[in-house]
Amino acid sequence: PWDTFLTTLALFSAHCWAFECIAQFFSLSANPLVGMLKYLNVWFISALFSGLVFRGRDVIWPLRLLYYCLPMKWFFGATAYSIMASSPPYEGTLACNSTGAGAVSYCPDEGFYCPSTEEDPFGLSCYGETGPQILDSLSKTYDAISSENTVLTDLIAILAIGVFFKVNYCVYLYASCTAGRMPNPPRQIKI
C-alpha cells in the first residue's frame with residue numbers, strides 16, 4: 001500500500017546505509033580483495049542469520065550474536081510489518097463456523113481456513129485474510145516476521161549498527177593515518 005511507502009523507503013535506505021558503513025569499514029584492509037571478501041562474508045552471514053533461513057533460537061550462542069548484531073534481521077521484520085500490516089483484505093479465506101450451515105469439521109487455531117481449490121486442493125497455502133493474520137501465520141515459520149509493530153525499534157537498531165561501523169571506520173582511519181612517522185627532510189645535493 002502507498003501509505004507505507006515512506007516507511008518502507010526509510011527502512012530500505014537505512015539498511016543500505018548500514019551495509020555501506022560496513023563496506024567502508026572493511027575497505028581499510030591492507031589488501032582490497034581481502035576487504036571485499038570480508039564484506040561479502042558479513043553480508044552472507046547477515047542473510048543466513050536474518051531469521052528467514054534459521055530461527056534465532058536454533059543458533060548456538062556465540063553465533064547467535066550475529067543474529068542480533070547484523071542489519072538484515074531487523075530490516076526483514078520491519079519491512080514485512082510495514083508492507084503487510086495495513087494491506088487490504090485478501091480473498092479466499094473463510095472464518096471458522098463450528099455450528100450451523102457451512103460448519104467445518106476441522107478449524108485451525110487461527111480461526112480461519114481456506115476452502116480447497118484446483119491449485120491448492122488441501123488449503124495448505126492459507127495464511128489469512130488480513131495483514132496481521134498473514135504475519136502471524138508467517139511468524140510460525142520465519143522468526144524475523146511478527147504482527148507486532150516494532151518498526152521504530154528495528155529502524156533504530158539498523159541505524160545503530162551503521163553508526164557502530166561508521167565510528168569504527170573513522171577511528172581505524174585516523175589510527176592508520178597517524179601511525180606513520182614524519183618523512184625526513186630532503187637532502188641537499190650540491191652540484
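**Exercises: surface and core**

W17 is located in helix 1 (residues 5–26); helices (H or I, at least four residues) and strands (E, at least two) are DSSP runs, numbered from the N terminus. The model is predicted: local features need pLDDT of at least 70, side-chain atom pairs count only at pLDDT 80 or more, and totals for chains, interfaces and linings use all residues. Residues are numbered from 1 along each chain as its sequence is written, and side-chain values use heavy atoms, with hydrogens and water left out.

**Exercise 1.** Classify the exposure of W17 and state which surface patch includes this residue.

*Solution.*
1. Buried means under 20% relative accessible area, exposed over 50%, and partly exposed in between (1.4 Å probe, protein chains only). W17 has 32% relative accessibility and therefore counts as partly exposed.
2. Together with L159, V163, V167 and V171, W17 forms a nonpolar surface patch of about 410 Å² accessible area. Such a patch joins nonpolar side chains (Val, Leu, Ile, Met, Phe, Trp, Tyr) within 5 Å, from residues with over 30% relative accessible area and no salt bridge (Lys or Arg side-chain nitrogen within 4 Å of an Asp or Glu carboxyl oxygen). Areas follow the Shrake-Rupley method with a 1.4 Å probe.
3. The most residues, four, come from helix 6 (residues 151–178).

**Exercise 2.** Identify the residues that touch the most other members of the largest nonpolar core.

*Solution.*
1. A nonpolar core is a set of buried Ala, Val, Leu, Ile, Met, Phe, Trp, Tyr and Cys residues joined through side-chain atoms within 4.5 Å.
2. The largest core has 24 residues, and I22, L135 and I158 touch the most other members. At least two residues are supplied by each of helix 1, helix 4 (71–84), helix 5 (131–139) and helix 6.
3. Contact means heavy atoms within 4.5 Å. Leaving aside residues up to four places away in sequence, H15 touches I158 as well as P71, M72 and F75.
4. H15 belongs to helix 1 and, at 9% relative accessible area, is buried.

**Exercise 3.** Determine how the buried residues of helix 5 are arranged around its axis.

*Solution.*
1. The buried residues of helix 5 are G131, I134, L135 and S137. They fall within an arc of 160° seen down the axis, so they line one face of the helix; the arc uses directions from the axis to the C-beta atoms.
2. Their cover includes helix 4 and strand 2 (112–113).
3. With residues up to four places away in sequence excluded, L135 touches A80, Y81, M84, A85, I145, S146 and S147.

Methods
Patches are made of residues with over 30% relative accessible area and no salt bridge: like charges are joined within 9 Å, nonpolar side chains (Val, Leu, Ile, Met, Phe, Trp, Tyr) within 5 Å.
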